[in-house]
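Hi,

Here is the structure I promised to pass on to you.

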Protein chains: 2
Amino acid sequence: MPGQLGQSGEDYLEAVLVISRSGQRVRVTDIAAHLGVTKPSVSAALSSLEQKGLVRHERYGEVQLTARGALLAEEMFRRHRLLHEFLRDVVGVPDEVAAGDACRMEHVLSCQTLQRLVRLVEFVRAHDDDESISLRQLGSCLESGDCSRVPAQRGGSSDEAAE
Amino acid sequence: MPGQLGQSGEDYLEAVLVISRSGQRVRVTDIAAHLGVTKPSVSAALSSLEQKGLVRHERYGEVQLTARGALLAEEMFRRHRLLHEFLRDVVGVPDEVAAGDACRMEHVLSCQTLQRLVRLVEFVRAHDDDESISLRQLGSCLESGDCSRVPAQRGGSSDEAAE
DNA sequence: TAACAGAGTTAGACATAGCTAACAATACAG
DNA sequence: CTGTATTGTTAGCTATGTCTAACTCTGTTA
(Lines give C-alpha, C1' and ligand atoms only; values in the text may rest on other atoms or scores of the structure.)
Protein backbone atom coordinates (compact mmCIF):
# COMPACT_ATOMS: atom_id res chain seq x y z
CA MET A 1 0.00 0.00 0.00
CA PRO A 2 2.81 2.50 0.70
CA GLY A 3 3.21 3.42 -2.94
CA GLN A 4 5.27 2.57 -5.99
CA LEU A 5 8.46 2.69 -4.07
CA GLY A 6 9.78 -0.79 -3.96
CA GLN A 7 11.15 -2.25 -0.81
CA SER A 8 14.46 -0.56 -1.23
CA GLY A 9 13.09 2.97 -1.36
CA GLU A 10 11.03 2.31 1.71
CA ASP A 11 14.11 1.16 3.58
CA TYR A 12 16.02 4.31 2.71
CA LEU A 13 13.13 6.52 3.74
CA GLU A 14 12.77 4.76 7.05
CA ALA A 15 16.50 4.98 7.63
CA VAL A 16 16.41 8.74 7.16
CA LEU A 17 13.63 8.98 9.71
CA VAL A 18 15.32 6.77 12.26
CA ILE A 19 18.66 8.53 11.99
CA SER A 20 17.15 11.98 12.25
CA ARG A 21 15.08 10.92 15.27
CA SER A 22 18.23 9.78 16.95
CA GLY A 23 19.33 13.41 16.96
CA GLN A 24 22.08 13.10 14.36
CA ARG A 25 22.10 14.97 11.12
CA VAL A 26 21.48 12.65 8.22
CA ARG A 27 24.39 12.13 5.88
CA VAL A 28 25.00 9.64 3.11
CA THR A 29 27.53 7.84 5.26
CA ASP A 30 25.07 7.42 8.12
CA ILE A 31 22.43 5.95 5.89
CA ALA A 32 24.96 3.60 4.35
CA ALA A 33 26.06 2.40 7.77
CA HIS A 34 22.49 2.05 8.95
CA LEU A 35 21.46 -0.10 6.03
CA GLY A 36 24.72 -1.92 5.42
CA VAL A 37 25.16 -0.72 1.84
CA THR A 38 27.83 1.38 0.17
CA LYS A 39 27.72 5.13 -0.25
CA PRO A 40 27.21 5.02 -4.01
CA SER A 41 24.11 2.94 -3.44
CA VAL A 42 22.82 5.59 -1.08
CA SER A 43 23.58 8.36 -3.55
CA ALA A 44 21.65 6.59 -6.25
CA ALA A 45 18.72 5.83 -3.99
CA LEU A 46 18.53 9.42 -2.80
CA SER A 47 18.43 10.72 -6.37
CA SER A 48 15.53 8.49 -7.06
CA LEU A 49 13.72 9.50 -3.89
CA GLU A 50 14.38 13.13 -4.64
CA GLN A 51 12.89 12.76 -8.10
CA LYS A 52 9.80 11.35 -6.46
CA GLY A 53 9.60 14.31 -4.14
CA LEU A 54 10.19 12.32 -0.98
CA VAL A 55 13.50 13.75 0.19
CA ARG A 56 15.51 16.92 -0.28
CA HIS A 57 19.22 16.50 -0.80
CA GLU A 58 21.55 19.21 -2.01
CA ARG A 59 24.86 18.00 -3.36
CA TYR A 60 27.24 17.35 -0.52
CA GLY A 61 24.55 18.46 1.92
CA GLU A 62 22.29 16.83 4.43
CA VAL A 63 19.25 14.75 3.68
CA GLN A 64 15.78 15.79 4.76
CA LEU A 65 12.40 14.25 4.33
CA THR A 66 9.73 16.23 2.54
CA ALA A 67 6.25 16.24 4.04
CA ARG A 68 5.21 13.37 1.80
CA GLY A 69 8.43 11.52 2.49
CA ALA A 70 7.95 11.91 6.22
CA LEU A 71 4.45 10.49 6.02
CA LEU A 72 5.65 7.44 4.19
CA ALA A 73 8.68 7.03 6.42
CA GLU A 74 6.50 7.19 9.49
CA GLU A 75 4.18 4.63 8.10
CA MET A 76 7.08 2.28 7.48
CA PHE A 77 8.38 2.95 10.94
CA ARG A 78 5.03 2.10 12.53
CA ARG A 79 4.75 -1.02 10.40
CA HIS A 80 8.17 -2.10 11.42
CA ARG A 81 7.57 -1.55 15.10
CA LEU A 82 4.19 -3.20 15.03
CA LEU A 83 5.47 -6.30 13.28
CA HIS A 84 8.42 -6.54 15.57
CA GLU A 85 6.15 -6.37 18.61
CA PHE A 86 3.69 -8.76 17.12
CA LEU A 87 6.30 -11.38 16.41
CA ARG A 88 7.99 -10.98 19.74
CA ASP A 89 5.04 -10.51 22.07
CA VAL A 90 2.26 -12.45 20.38
CA VAL A 91 4.02 -15.09 18.35
CA GLY A 92 6.84 -15.33 20.85
CA VAL A 93 9.94 -15.60 18.69
CA PRO A 94 13.27 -14.31 20.00
CA ASP A 95 13.88 -10.62 19.65
CA GLU A 96 16.49 -10.80 16.89
CA VAL A 97 14.43 -13.18 14.82
CA ALA A 98 11.44 -10.90 15.25
CA ALA A 99 13.55 -7.97 14.16
CA GLY A 100 14.74 -9.68 11.01
CA ASP A 101 11.34 -10.94 9.98
CA ALA A 102 9.76 -7.57 10.70
CA CYS A 103 12.24 -5.88 8.36
CA ARG A 104 11.15 -8.05 5.52
CA MET A 105 7.46 -8.24 6.30
CA GLU A 106 7.01 -4.52 6.55
CA HIS A 107 7.17 -4.13 2.79
CA VAL A 108 4.74 -6.85 2.05
CA LEU A 109 1.60 -6.71 4.16
CA SER A 110 -1.66 -5.10 3.16
CA CYS A 111 -3.14 -2.35 5.25
CA GLN A 112 -6.05 -4.53 6.20
CA THR A 113 -3.81 -7.18 7.67
CA LEU A 114 -1.70 -4.60 9.42
CA GLN A 115 -4.73 -3.08 11.04
CA ARG A 116 -5.83 -6.45 12.32
CA LEU A 117 -2.41 -7.14 13.72
CA VAL A 118 -2.51 -3.85 15.58
CA ARG A 119 -5.69 -5.03 17.27
CA LEU A 120 -4.22 -8.43 17.98
CA VAL A 121 -1.25 -6.89 19.74
CA GLU A 122 -3.51 -4.58 21.71
CA PHE A 123 -5.72 -7.46 22.72
CA VAL A 124 -2.85 -9.57 23.93
CA ARG A 125 -1.40 -6.65 25.87
CA ALA A 126 -4.70 -5.89 27.49
CA HIS A 127 -5.60 -9.44 28.41
CA ASP A 128 -2.31 -11.07 29.08
CA ASP A 129 -3.18 -11.42 32.75
CA ASP A 130 -6.83 -12.44 32.37
CA GLU A 131 -7.42 -16.01 33.35
CA SER A 132 -10.40 -16.66 31.18
CA ILE A 133 -10.69 -15.12 27.77
CA SER A 134 -12.23 -17.00 24.93
CA LEU A 135 -10.97 -16.91 21.44
CA ARG A 136 -14.46 -15.75 20.51
CA GLN A 137 -13.74 -12.56 22.37
CA LEU A 138 -10.52 -12.17 20.49
CA GLY A 139 -12.41 -12.75 17.29
CA SER A 140 -15.02 -10.13 17.97
CA CYS A 141 -12.37 -7.66 19.08
CA LEU A 142 -10.61 -8.12 15.82
CA GLU A 143 -13.87 -7.53 14.03
CA SER A 144 -15.01 -4.55 16.05
CA GLY A 145 -11.67 -2.87 16.33
CA ASP A 146 -11.89 -2.28 20.05
CA CYS A 147 -9.21 -4.47 21.49
CA SER A 148 -7.99 -2.51 24.43
CA ARG A 149 -10.58 -3.91 26.86
CA VAL A 150 -13.00 -6.63 26.28
CA PRO A 151 -16.40 -6.23 27.92
CA ALA A 152 -17.36 -2.54 27.75
CA GLN A 153 -17.05 -0.39 24.65
CA ARG A 154 -14.27 1.98 25.54
CA GLY A 155 -12.90 3.53 22.43
CA GLY A 156 -9.54 4.00 23.98
CA SER A 157 -6.93 2.93 21.52
CA SER A 158 -4.54 4.65 19.22
CA ASP A 159 -1.66 4.08 16.88
CA GLU A 160 -2.97 3.16 13.51
CA ALA A 161 -0.45 1.41 11.35
CA ALA A 162 -2.33 1.50 8.13
CA GLU A 163 -2.93 3.96 5.36
CA MET B 1 15.55 -20.37 4.98
CA PRO B 2 14.58 -22.07 1.69
CA GLY B 3 17.92 -21.40 0.07
CA GLN B 4 19.61 -18.98 -2.30
CA LEU B 5 16.73 -18.95 -4.64
CA GLY B 6 15.19 -15.55 -4.48
CA GLN B 7 11.48 -15.06 -4.30
CA SER B 8 11.07 -15.55 -8.00
CA GLY B 9 12.63 -18.98 -8.15
CA GLU B 10 10.52 -20.10 -5.23
CA ASP B 11 7.40 -18.98 -7.03
CA TYR B 12 8.25 -20.96 -10.14
CA LEU B 13 9.03 -24.05 -8.14
CA GLU B 14 5.76 -23.82 -6.27
CA ALA B 15 3.88 -23.27 -9.50
CA VAL B 16 5.33 -26.46 -10.97
CA LEU B 17 4.19 -28.37 -7.91
CA VAL B 18 0.70 -26.93 -7.90
CA ILE B 19 0.13 -27.51 -11.58
CA SER B 20 1.40 -31.05 -11.46
CA ARG B 21 -0.76 -31.80 -8.43
CA SER B 22 -3.77 -30.62 -10.35
CA GLY B 23 -3.19 -33.54 -12.69
CA GLN B 24 -2.06 -31.59 -15.73
CA ARG B 25 1.32 -32.00 -17.30
CA VAL B 26 3.49 -29.00 -16.64
CA ARG B 27 4.33 -26.88 -19.64
CA VAL B 28 5.89 -23.47 -19.99
CA THR B 29 2.55 -22.01 -20.98
CA ASP B 30 0.85 -23.37 -17.89
CA ILE B 31 3.44 -21.92 -15.59
CA ALA B 32 3.21 -18.59 -17.36
CA ALA B 33 -0.55 -18.53 -16.97
CA HIS B 34 -0.35 -19.61 -13.36
CA LEU B 35 2.07 -16.86 -12.41
CA GLY B 36 0.88 -14.16 -14.77
CA VAL B 37 4.20 -13.75 -16.56
CA THR B 38 5.23 -14.28 -20.17
CA LYS B 39 6.64 -17.46 -21.62
CA PRO B 40 10.15 -16.08 -22.11
CA SER B 41 10.25 -15.27 -18.41
CA VAL B 42 9.36 -18.86 -17.64
CA SER B 43 12.02 -20.16 -20.02
CA ALA B 44 14.67 -18.07 -18.35
CA ALA B 45 13.57 -19.05 -14.88
CA LEU B 46 13.55 -22.73 -15.76
CA SER B 47 17.09 -22.56 -17.11
CA SER B 48 18.22 -21.08 -13.89
CA LEU B 49 16.36 -23.67 -11.82
CA GLU B 50 17.75 -26.44 -13.97
CA GLN B 51 21.28 -25.20 -13.43
CA LYS B 52 20.63 -25.37 -9.72
CA GLY B 53 19.42 -28.93 -10.03
CA LEU B 54 15.87 -28.21 -8.97
CA VAL B 55 13.96 -29.05 -12.15
CA ARG B 56 14.45 -31.15 -15.26
CA HIS B 57 13.40 -29.58 -18.50
CA GLU B 58 14.30 -30.90 -21.92
CA ARG B 59 13.94 -28.46 -24.76
CA TYR B 60 10.35 -28.37 -25.89
CA GLY B 61 9.50 -30.95 -23.26
CA GLU B 62 7.70 -31.05 -19.98
CA VAL B 63 8.93 -29.73 -16.69
CA GLN B 64 9.58 -31.97 -13.71
CA LEU B 65 10.83 -31.34 -10.24
CA THR B 66 13.95 -33.13 -9.10
CA ALA B 67 13.94 -34.61 -5.61
CA ARG B 68 15.56 -31.50 -4.22
CA GLY B 69 13.24 -29.26 -6.19
CA ALA B 70 10.22 -31.14 -4.92
CA LEU B 71 11.36 -30.74 -1.33
CA LEU B 72 11.73 -27.02 -1.74
CA ALA B 73 8.48 -26.70 -3.66
CA GLU B 74 6.63 -28.58 -0.98
CA GLU B 75 8.06 -26.36 1.68
CA MET B 76 6.90 -23.31 -0.21
CA PHE B 77 3.51 -24.83 -0.67
CA ARG B 78 3.14 -25.56 3.05
CA ARG B 79 4.31 -22.06 3.90
CA HIS B 80 1.83 -20.59 1.52
CA ARG B 81 -1.07 -22.61 2.84
CA LEU B 82 -0.17 -21.99 6.44
CA LEU B 83 0.09 -18.25 5.99
CA HIS B 84 -3.13 -18.12 4.06
CA GLU B 85 -4.90 -20.00 6.84
CA PHE B 86 -3.28 -17.96 9.53
CA LEU B 87 -4.32 -14.68 7.99
CA ARG B 88 -7.82 -15.83 7.23
CA ASP B 89 -8.63 -17.89 10.29
CA VAL B 90 -6.61 -16.27 13.04
CA VAL B 91 -6.15 -12.71 11.93
CA GLY B 92 -9.49 -12.69 10.19
CA VAL B 93 -8.83 -10.83 6.97
CA PRO B 94 -10.92 -11.58 3.88
CA ASP B 95 -9.86 -14.56 1.86
CA GLU B 96 -8.46 -12.70 -1.14
CA VAL B 97 -6.46 -10.33 1.03
CA ALA B 98 -5.12 -13.31 2.94
CA ALA B 99 -4.18 -14.97 -0.31
CA GLY B 100 -2.29 -11.94 -1.58
CA ASP B 101 -0.42 -11.33 1.64
CA ALA B 102 0.43 -15.01 1.98
CA CYS B 103 2.02 -14.99 -1.48
CA ARG B 104 4.37 -12.27 -0.46
CA MET B 105 5.03 -13.36 3.10
CA GLU B 106 5.95 -16.89 2.19
CA HIS B 107 9.33 -15.80 0.89
CA VAL B 108 10.18 -13.71 3.85
CA LEU B 109 9.54 -15.45 7.15
CA SER B 110 12.08 -17.37 9.18
CA CYS B 111 11.51 -21.00 10.04
CA GLN B 112 11.19 -20.16 13.67
CA THR B 113 8.35 -17.78 13.07
CA LEU B 114 6.68 -20.18 10.69
CA GLN B 115 6.78 -22.93 13.25
CA ARG B 116 5.18 -20.71 15.83
CA LEU B 117 2.47 -19.72 13.43
CA VAL B 118 1.72 -23.37 12.77
CA ARG B 119 1.12 -23.80 16.48
CA LEU B 120 -0.96 -20.67 16.65
CA VAL B 121 -3.24 -21.90 13.91
CA GLU B 122 -3.52 -25.31 15.55
CA PHE B 123 -4.35 -23.73 18.87
CA VAL B 124 -7.05 -21.53 17.45
CA ARG B 125 -8.54 -24.47 15.57
CA ALA B 126 -8.54 -26.65 18.63
CA HIS B 127 -9.97 -24.08 21.01
CA ASP B 128 -12.24 -22.01 18.89
CA ASP B 129 -15.25 -23.34 20.74
CA ASP B 130 -13.84 -23.26 24.26
CA GLU B 131 -15.41 -20.57 26.37
CA SER B 132 -12.51 -20.00 28.70
CA ILE B 133 -8.98 -20.15 27.48
CA SER B 134 -6.38 -17.81 28.82
CA LEU B 135 -3.71 -16.23 26.75
CA ARG B 136 -1.28 -17.83 29.15
CA GLN B 137 -2.36 -21.17 27.81
CA LEU B 138 -1.80 -19.97 24.30
CA GLY B 139 1.60 -18.74 25.34
CA SER B 140 2.67 -22.02 26.83
CA CYS B 141 1.34 -23.92 23.87
CA LEU B 142 3.46 -21.81 21.61
CA GLU B 143 6.44 -22.53 23.80
CA SER B 144 5.86 -26.23 24.22
CA GLY B 145 4.78 -26.94 20.70
CA ASP B 146 1.73 -28.94 21.64
CA CYS B 147 -1.13 -26.83 20.48
CA SER B 148 -3.69 -29.35 19.45
CA ARG B 149 -5.26 -29.73 22.90
CA VAL B 150 -4.57 -27.77 25.96
CA PRO B 151 -4.66 -29.74 29.23
CA ALA B 152 -3.34 -33.22 28.49
CA GLN B 153 -0.20 -33.92 26.46
CA ARG B 154 -1.56 -35.51 23.36
CA GLY B 155 1.02 -35.35 20.67
CA GLY B 156 -1.54 -35.48 17.92
CA SER B 157 -0.60 -32.94 15.36
CA SER B 158 1.12 -32.97 12.04
CA ASP B 159 2.11 -30.80 9.15
CA GLU B 160 5.28 -28.96 9.88
CA ALA B 161 5.85 -25.91 7.75
CA ALA B 162 9.42 -25.16 8.59
CA GLU B 163 12.92 -26.36 7.76
C1' DT C 1 2.63 -34.80 -46.65
C1' DA C 2 2.19 -29.87 -46.38
C1' DA C 3 0.54 -26.26 -43.87
C1' DC C 4 -0.95 -24.17 -39.87
C1' DA C 5 -1.74 -23.30 -34.93
C1' DG C 6 0.11 -23.61 -30.63
C1' DA C 7 4.14 -23.96 -27.75
C1' DG C 8 8.79 -22.78 -26.82
C1' DT C 9 13.06 -20.27 -27.51
C1' DT C 10 16.30 -16.56 -28.63
C1' DA C 11 17.72 -11.92 -28.88
C1' DG C 12 17.63 -7.51 -27.21
C1' DA C 13 15.85 -4.02 -24.16
C1' DC C 14 14.64 -2.09 -19.66
C1' DA C 15 14.33 -1.34 -14.54
C1' DT C 16 16.02 -2.16 -10.03
C1' DA C 17 19.54 -2.49 -6.91
C1' DG C 18 23.73 -3.50 -5.63
C1' DC C 19 29.10 -3.28 -6.09
C1' DT C 20 34.24 -1.32 -6.88
C1' DA C 21 37.48 2.06 -8.37
C1' DA C 22 38.51 6.51 -9.21
C1' DC C 23 37.68 11.18 -8.66
C1' DA C 24 35.87 15.67 -6.38
C1' DA C 25 34.39 18.44 -2.63
C1' DT C 26 34.54 19.64 2.22
C1' DA C 27 36.30 20.27 6.68
C1' DC C 28 39.62 20.44 9.94
C1' DA C 29 44.67 20.51 11.63
C1' DG C 30 48.57 22.38 11.90
C1' DC D 1 46.47 28.71 3.88
C1' DT D 2 47.94 24.22 2.78
C1' DG D 3 47.54 19.42 3.18
C1' DT D 4 45.21 15.39 4.64
C1' DA D 5 41.28 12.72 6.09
C1' DT D 6 36.53 12.30 5.52
C1' DT D 7 32.68 12.52 2.77
C1' DG D 8 30.19 12.33 -1.51
C1' DT D 9 29.77 11.54 -6.46
C1' DT D 10 30.55 9.52 -10.99
C1' DA D 11 31.39 5.89 -14.11
C1' DG D 12 31.14 1.39 -15.22
C1' DC D 13 30.07 -3.35 -14.11
C1' DT D 14 27.06 -7.24 -12.42
C1' DA D 15 22.94 -9.90 -11.37
C1' DT D 16 18.03 -10.59 -11.28
C1' DG D 17 13.79 -10.53 -13.33
C1' DT D 18 10.77 -8.85 -16.43
C1' DC D 19 9.11 -7.52 -21.17
C1' DT D 20 8.31 -7.53 -26.65
C1' DA D 21 9.33 -9.10 -31.17
C1' DA D 22 10.81 -12.42 -34.00
C1' DC D 23 11.92 -16.92 -34.88
C1' DT D 24 11.75 -22.19 -34.48
C1' DC D 25 9.84 -26.47 -33.18
C1' DT D 26 5.98 -29.91 -32.76
C1' DG D 27 1.85 -32.05 -33.56
C1' DT D 28 -2.46 -32.25 -35.77
C1' DT D 29 -5.29 -32.22 -39.54
C1' DA D 30 -6.94 -31.78 -44.04
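This is a predicted model: local features need pLDDT of at least 70, side-chain atom pairs count only at pLDDT 80 or more; totals for chains, interfaces and linings use all residues.

**Domains of chain A**

Chain A splits into domain 1, covering 6-72, and domain 2, covering 74-144. Where the two touch, domain 1 of chain A supplies nine residues and domain 2 of chain A supplies six. On the domain 1 side, the elements that give two or more residues are α1 and α4 (67-91) of chain A.

**Two helix pairs in chain A**

Let me start with helix α2 (residues 28-35) and helix α3 (residues 39-51) of chain A. Their axes come within 9 Å and cross at roughly 110°. Angles of 65 to 115 degrees count as roughly perpendicular, so α2(A) and α3(A) are roughly perpendicular to each other. From α2(A), the residues in the contact are Val28(A), Thr29(A), Ile31(A) and Ala32(A), and they meet Lys39(A), Val42(A) and Ser43(A) of α3(A). This contact is made of four nonpolar residues, two polar and one charged.

The other pair is α4(A) with helix α6 (residues 111-127) of chain A. Here the axes come within 10 Å, and the crossing angle is roughly 45°, which makes α4(A) oblique to α6(A). The crossing of α4(A) past α6(A) is left-handed. On the α4(A) side you will find Arg79(A), Leu82(A), Glu85(A), Phe86(A), Asp89(A) and Val90(A); they meet Leu114(A), Leu117(A), Val118(A), Leu120(A), Val121(A) and Val124(A) of α6(A). Nine of the residues in this contact are nonpolar and three are charged, with no polar ones.

**Around DNA strand C**

Which residues come nearest to DNA strand C, of the 19 around it? They are Gly6(A) and Ser8(A) from chain A, with Arg27(B), Thr29(B) and Pro40(B) from chain B. Sorted by class, the surface near DNA strand C has eight nonpolar, eight polar and three charged residues.

Happy to go through any of this with you.

Best wishes

How values were computed: Residues are numbered from 1 along each chain as its sequence is written. Chains are lettered from A and ligands numbered from 1 in the order in which they are written. Axes are lines fitted to C-alpha atoms, for helices over the stretch in contact, and angles run from 0 to 180 degrees between N-to-C directions. Helices (H or I, at least four residues) and strands (E, at least two) are DSSP runs, numbered from the N terminus. Angles under 35 degrees count as roughly parallel, over 145 as roughly antiparallel, 65 to 115 as roughly perpendicular and the rest as oblique. Two residues are in contact if their C-beta atoms, placed from the backbone, lie within 7 Å. Ala, Val, Leu, Ile, Met, Phe, Trp, Tyr, Cys and Pro count as nonpolar, Asp, Glu, Lys and Arg as charged, and the others, Gly among them, as polar. A residue is near a molecule or strand if its C-beta atom, placed from the backbone, lies within 6 Å of it. Domain bounds come from an automatic or database domain assignment. A crossing is left-handed if the near helix is turned anticlockwise from the far one by less than a right angle, and right-handed if clockwise.
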